[in-house]
Amino acid sequence: MDWGNFAQQTVNGVSLGAIYALIALGYTMVYGVLRFINFAHGDVFMVGAFAGLYFHRWLKPLFTGWPAAASAIVILLLSMAFCALLGIVIEKVAYKPLRQRSRLTVLITSIGVSLLLSYGAQLIFGAAPKGFPQLVANHTISLPLGASVTVEQITVLLVTLLLLIALTFAVMRTRMGLAMRALSNNPTAAALMGVNNDAVISFTFGLGSALAGAAGIFFAMLYQAIDPFMGILPGIKAFVAAVLGGIGSIPGAALGGVLLGVLETLVVGYSQNIGIPSGYRDAVAFVILILTLMFKPTGLLGKSEREKV
Amino acid sequence: MSRLLELRGVTMEFGGLRAVSGLDLVVGPEEMVGLIGPNGAGKTTVFNLITGLYHPTEGAIAFNGRTMTRLAPHRITASGIARTFQNIRLFGSLTVYDNVRTAMNLNLRHGFGHALTRGRGFRAEEARIREEVMSLLEIFGLAGESERIATGLSYGDQRRLEIVRALATKPQLLLLDEPAAGMNPTEKSALIDLIHFVQDKFRIAVLLVEHDMKVVMGVCRRIVVLDYGSKIAEGEPAQIRKNPAVIEAYLGREAHHA
Amino acid sequence: MKNHIPHLALFAALAGAAVLQMFSPQLDDYAASILVLIGINIVLAVSLNLVNGHTGQFSLGHAGFMAAGAYASAMVTLSFAPVVAPAGPWAEGALFAGSLLLGGAVAALCGLLVGLPSLRLRGDYLAIVTLGFGEIIRVVIQNTESLGGARGLEGIRPYTNLFGTFAVAALTIYVVACLVNSTYGRGFIAVRDDEIAAEAMGIHTVKYKVVAFVVGAFFAGLAGGLYAHFITFIAPEGFNFLKSVDVVVMVILGGMGSTPGVVAAAILLTLLNEGLRDFEQYRMIVFALLLIVIMIVRPQGLLGNFRGWPKGKAGA
């Protein structure tokens, strides 16, 4: 057993998983509060990556003399803010009018929004992949067992962890977080208690979209190319991660994301040994989705919902 | 057989919540039994258990001597139990006629393939179904509205239609879930007559969940009282009316807090 | 529906298709190919409408069944046409028809395998799972060398003609209309309107959903076979999620649950597609906007009576 290879695959898998986790958080929060699957969420991830690219291009002159880390943080924050704004606008324009309708109706609309974003991006930026700039130093650090990790991967892992902590704090310790939890538990009661549902919903969308935007930049840092359709597959996979962890559960989304990232990477990494061609990488997520929904539909950490008859 | 429907020690737990606790309930053939209790007592849960929407955590349910406990809802209906719903559940895009017609799927002999070939057997069966449905609608005075979309009917008519639809499944036991909800006194009187009529003409047993005491007392020969998921009293209307535990359940809690 | 009208209508439609075929040499190639595409889209839309519209089960994987039918029928003709061709055009016609039916059967089998586990799920989850299965079918084809892998299959015999296309379209409309307008078929609509009430009426809802799903998949397979023998080259990317969305837009625009509506939508959208061919970049944007606007402003589409699932009710 080549432990070095296993360790390396795991490191890669966890970095990919962190990205899935960040996107999955947005799905799970929106689902928790509004009970619907926002199909367009994956495309916000794509927008984040493009925002990062263009902010870097436009602001580069301003950053001469700054340490790489500082300019990277600024770009990250700007892109996250841009995505947050985009998420809020989408909700107000496309989803708010449908609040009284069924979740399936909104899902269909969100498919429309997703197509609008990706084809719109294609129209504006062209279909060809673009290279993403080097935002942080280009080192590789050796780990025990012969594995190695790049600075980008460490950055992704650390910042994701920070964001997770910040998010948990926001949800558990702030008034807005309390309002979110109240709204996800019982919208009518929350409104009666004085919670401004619209504000909480906008906040949830904004927060989820900001995280997706961050994920977009991290993905671009790790894989170095971006294109208008980069969001579709990761978006669906992140949804699977959210379901795996238990839709509506924030720790579940994080756990699901990491698990999915690791599983996917291991399947590809060991494709020779297990006899599955690496071309099946994308099918891994779908198989996990189907198995989860068949055997443990509430996911690893979720709670079940009953329909009132 | 004196026990058409029998629940033995039925308990229903949802996570940490015990909605129904150790319930024993019997309904005899052609009996009219009422199930009452304060809000949240578990009455609709009992209906959902009987009709197979929930499976009991403990206990057994038998109908005509056969165990029903883990059967799928459509099988339970096929065995002879029909129901109406607290919040009317008609098929919103179908006509009055089609709503009742759905009950005919139970015993359809000319289904999928025959719908395509449309041979003589199919056409004969469709004609027979039309006759049956129309005569049923006729009995309840809804024949004139047969081509109207069901949700276009008045509220009272919709409730009646739901009962007609349930009767079309040819049940031996009819479960009525708060049929008087939202009705004015005149409508409620008409409902009492309707239920007597149904029971008499179709010779079926009726289990009625209802909040309106006038309707319950006017219809039921025997009443079972639930509170917090347990049976607290059972007997004839006159006895129940005077039963201190029942009065306590409905009024006592407020009196203690007063 | 009166007793013999469906049979007569089908016969008339088939005769019409034959007449169209006879006049086809007078049509220019471009017009003929548009007509074929319209016919294929009618088959796709009407078959998906049975599942999504009449039965209310939102499937996003229709392209996967189309792919199954396309590849199965293409493999049959690629293998056997050289053997059969010398026997003349009628023999080839029989081979083509046989290959289409096989494609439909393979697609129907896929429909059964996908439907059985998925159709117990709630509406929005069902949508994602069917999308997943559609992608799995595509990925499997992409990784199977004997099916051409990512390169695709080429050199497929151009057997699809106007008669074949419109005969299949007529058959599809006949089957769906006959099914829905029967006591059995009203069961599909009952399942859509209120699953819990439908179960309470003795309707085995899962069985009805699976039947609708398998029938829908069968016709998607026929459409796939027609398509393969029309453009003579197929590749897995042509049957991806976006293709499923194309068909979904037709069903939603036409009106879920309205057969005439989705036929009209199929015609309109095929023409729109052609019209926007020079503006390929704008095509999907137009479709996307169409989808969003319809769901917000007029969810019942052109002719549908189904305004979408009631909030919180069974299935959605």
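**Exercise 1. What share of the 309 residues in chain A is buried, and how is chain A built?**

*Solution.* The model is a predicted one, in which local features need pLDDT of at least 70 and side-chain atom pairs count only at pLDDT 80 or more, while totals for chains, interfaces and linings use all residues. Residues are numbered from 1 along each chain as its sequence is written, and chains are lettered from A and ligands numbered from 1 in the order in which they are written.

Step 1. Buried residues make up 51% of the 309 residues in chain A, where a residue is buried if 20 or more other C-beta atoms, placed from the backbone, lie within 10 Å of its own.

Step 2. Chain A has 12 helices and 4 strands, these being DSSP runs numbered from the N terminus (helices H or I, at least four residues; strands E, at least two).

Step 3. The radius of gyration of chain A, 19 Å, is close to the 19 Å that the globule rule gives for 309 residues, so chain A is as compact as a globular protein of that length; the radius is taken over C-alpha atoms, and the rule is 2.2 Å times the number of residues to the power 0.38.

Step 4. Among the contacts in chain A with a separation of 6 or more, 78% are accounted for by residues 24 or more positions apart, two residues being in contact if their C-beta atoms, placed from the backbone, lie within 7 Å.

**Exercise 2. Describe how helix 1 of chain A packs on helix 8 of chain A.**

*Solution.* Step 1. Helix 1 (residues 3–34) and helix 8 (residues 197–223) of chain A pack at an angle of about 165°, with their axes 9 Å apart; the axes are lines fitted to C-alpha atoms over the stretch in contact, and angles run from 0 to 180 degrees between N-to-C directions.

Step 2. Helix 1 and helix 8 of chain A are therefore roughly antiparallel to each other, a term used for angles over 145 degrees.

Step 3. By class, their contact has 19 nonpolar, 5 polar and no charged residues, with Ala, Val, Leu, Ile, Met, Phe, Trp, Tyr, Cys and Pro counted as nonpolar, Asp, Glu, Lys and Arg as charged, and the others, Gly among them, as polar.

**Exercise 3. Which elements of chain C give two or more residues to the side that touches chain A, and how does helix 12 of chain C meet chain A?**

*Solution.* Step 1. In this interface 35 residues of chain C are in contact with 36 residues of chain A.

Step 2. The elements of chain C are helix 5 (123–142), helix 10 (241–254) and helix 12 (280–297), and helix 5 of chain C gives the largest share, 11 residues.

Step 3. Helix 12 of chain C packs with helix 4 (residues 103–125) of chain A at an angle of about 155°, their axes being 8 Å apart, and the two helices are therefore roughly antiparallel to each other.

Step 4. The residues that make this helix contact include A:Ile108, A:Leu115 and A:Tyr119 from helix 4 of chain A, and C:Met284, C:Phe287 and C:Ile292 from helix 12 of chain C; the contact residues divide into 16 nonpolar, 6 polar and no charged.

**Exercise 4. How many residues does chain B bring to its contact with chain C?**

*Solution.* Step 1. The contact takes 31 residues from chain B and 28 residues from chain C.

Step 2. On the side of chain B, the largest share, 4 residues, comes from helix 2 of chain B.

Step 3. The residues on that side divide into 14 nonpolar, 9 polar and 8 charged.

Terms used:
Angles under 35 degrees count as roughly parallel, over 145 as roughly antiparallel, 65 to 115 as roughly perpendicular and the rest as oblique. A residue is buried if 20 or more other C-beta atoms lie within 10 Å of its own, exposed if 12 or fewer, and partly exposed in between; C-beta atoms are placed from the backbone.
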